[in-house]
Amino acid sequence: MHSFSARYIESNIRSASAYRQYNVALPKWLQNRPRQFVIHCQHRLFDARKIKKEDITQKEHGQFIVKSQSDSSCSYRLQFGHCNTMPSCSCPDWQKHHWPCKHFLAIYQHFPEWGWEAMSPSYNSSPYFQIECNRPVHFFKGFRFSNRAI
């Protein structure tokens, strides 16, 4: 097996809840996601918790305005998207990564009905946010990772 494929499979298995136990502080929607995606979101959760609910205005269905925490003259427009439109935020972090920014995470926190599951299905069901975890761990028994057998 090619080393890239082996590393990919190893990363997926190590990220799956069947292989490891998640910290109870990790939100459920981040479990069974690729490691880099989880790290990205965890780095933004701390700053998201600083955003107050009164700094968020809900506009139309799935659209929000979030005041900037660093520049009082600035605010960011977010939309959760629909079946055929992708979510977006006007902040530089979203524009660079297209992964949840602190503004989306703050909305998840203050508006539970607008969490990860409310994001456009074209977005949140993307293979980029999925890991191969539907196979039982015993399927991989004997598979060697980094010179160690599972």
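I began with the sheet, which is open, has 4 strands in the order S1-S2-S3-S4 and pairs them in antiparallel fashion; strands count as paired if DSSP finds at least two bridges between them, and strands (E, at least two residues) and helices (H or I, at least four) are DSSP runs numbered from the N terminus. Strand S1 (56-58) and strand S4 (88-89) stand at the edges with a single partner strand each, so one side of each has no neighbour in the sheet.

I noted that this is a predicted model, in which local features need pLDDT of at least 70 and side-chain atom pairs count only at pLDDT 80 or more, while totals for chains, interfaces and linings use all residues. Residues are numbered from 1 along each chain as its sequence is written, and side-chain values use heavy atoms, with hydrogens and water left out.

I then looked up the pairing of S1 with strand S2 (residues 63-67), where 3 bridges join the two antiparallel strands, and found that Thr57 has Ile65 in S2 as its bridge partner. Helix H4 (residues 102-110) packs on the sheet and touches S1, S2, strand S3 (75-79) and S4, contact meaning heavy atoms within 4.5 Å.

I checked the burial of H4 next: 7 of its 9 residues are buried, so the helix is largely enclosed by the rest of the structure, where buried means under 20% relative accessible area, exposed over 50% and partly exposed in between (1.4 Å probe, protein chains only). What covers these buried residues includes helix H2 (35-48) and helix H3 (92-97).

Last, I looked at Lys67 in strand S2, which is partly exposed at 45% relative accessible area and, leaving aside neighbours within four places in sequence, is in contact with Asp55, Cys74 and Ser75.

How values were computed. Axes fitted to C-alpha atoms, helices over the stretch in contact; angles between N-to-C directions.
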